[in-house]
Amino acid sequence: MAKKVTKIGVLTSGGDAPGMNAAIRAVVRTALYHDVEVYGILRGYSGMVENDMIKMDSKSVSKIIQLGGTVLKTARCKEFYEPEGRAKAYNNLKKHGIDGLVVIGGDGSFKGAQQFSNEFDIPCIGLPGTIDKDIAGTDFTIGFDTAVNTAVEAIDKIRDTMEAHNRLFVVEVMGRDAGYIALHSGMATGAENILIPERKANLPELIQSLSQAEKNKKYVNLIVVTEGDEYGGADGISNYLRLSLPGADIRTAILGHIQRGGSPTANDRIIASRMGYHAVQCLLEGRYNVMVGIVNDEMRYTPLDKAVKAKQSINDEWLQIVEALH
Ligand code: ADP
């Protein structure tokens with residue numbers, strides 16, 4: 001029988017994502033609802049290593065559900081990769097009497113949490129907070145929906161000007177080595193082509209179809225590409241296209257960090273609230289070292305070691321739809 005958690009620490013780690021604040025709020029309020037004390041740990045694992053933690057009350061998470069970023073700040077913490085750093089972090093948690101952790105972050109943060117819970121008697125619960133949606137065991141990750149909507153709004157604007165000038169545009173979206181933002185924002189904006197790292201791009205075929213389009217007097221073409229694309233994102237692709245299509249007016253746009261910011265969508269606020277609530281329930285019920293996800297609208301608990309290994313797979317049906325509708 002697992003011993004009952006009496007004091008919870010919550011932190012946001014790695015890349016920030018809109019909706020992290022809604023998750024923090026849900027963790028804090030659920031813990032307080034059960035009369036469990038909760039500490040906010042600042043700047044991810046750095047706050048654990050450097051003993052930078054604050055006691056949270058209900059008011060400390062007032063009016064943050066609609067805010068992008070994270071009120072607890074986030075960081076990448078080198079020391080946490082080392083056993084000495086993690087031991088320091090453990091001692092600091094013990095000083096405060098914290099005996100359960102909720103880590104809101106991406107797969108790197110989960111690797112850290114898994115390592116930490118293997119070494120010390122502090123159970124960790126992971127909440128998938130990443131705009132990239134590159135984590136298996138959940139249909140949604142906190143921040144993805146907002147990032148896609150931000151990209152869609154920006155691409156719609158780019159389309160207006162490209163239509164006016166008969167231009168070919170290559171738009172680069174975030175996602176590192178995961179093509180979900182490209183696939184979703186590309187489909188939602190009617191992109192003629194979507195290039196994602198999960199599928200090898202056939203550039204000669206792309207050139208041929210663009211040349212054919214040009215012959216048919218279809219000059220306006222939108223190509224959405226992921227930053228981690230093998231040809232070097234928007235700049236790499238457009239340089240390649242310019243060599244083969246000297247007559248085309250080719251422009252690039254890199255959407256960049258605007259995709260990380262902004263007020264979270266209703267969907268991101270709701271999944272963050274549900275996940276945050278269930279993270280605390282897990283700690284109270286002894287369901288330890290899992291990632292809380294949502295699959296088919298039901299809560300799904302994936303052991304952290306599995307969550308860090310598995311990747312979501314791209315659904316071929318999506319690619320067929322893009323091909324048919326372009
Ligand atoms: P994300 O969570 O967005 O994927 P990172 O990959 O940068 O972001 O991971 C966030 C932090 O998690 C790192 O800065 C580090 O402190 C911790 N971390 C990541 N991987 C490990 C690991 N293998 N062992 C210990 N800590 C890790």
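This is a predicted model: local features need pLDDT of at least 70, side-chain atom pairs count only at pLDDT 80 or more; totals for chains, interfaces and linings use all residues.
Residues are numbered from 1 along each chain as its sequence is written, and side-chain values use heavy atoms, with hydrogens and water left out.

Contact (heavy atoms within 4.5 Å) involves 14 residues of domain 1 and 13 residues of domain 2. The domains bury about 1,200 Å² between them, 48% of it on carbon and sulfur atoms, where buried area is the accessible area (1.4 Å probe) that two parts lose on being put together, summed over both. On the domain 1 side, I131, D132 and K133 lose the most area to domain 2, together accounting for 45% of what that side buries.

Two salt bridges are counted between domain 1 and domain 2, a salt bridge being a side-chain nitrogen of Lys or Arg within 4 Å of a carboxyl oxygen of Asp or Glu. D134 forms a salt bridge with R176, with the closest N and O atoms 3.8 Å apart.

Of the 16 residues around the ligand (a heavy atom within 4 Å), R76, C77, G106, G108 and S109 come nearest. An N or O atom in the side chain of R76 is 2.6 Å from an oxygen atom of the ligand, and a polar side-chain atom of S109 lies 2.5 Å from a ligand oxygen atom.

Methods: A polar contact is a pair of N or O atoms within 3.5 Å; within protein, one must be able to donate a hydrogen and the other to accept it, and residues adjacent in sequence count only if both atoms are side-chain atoms.
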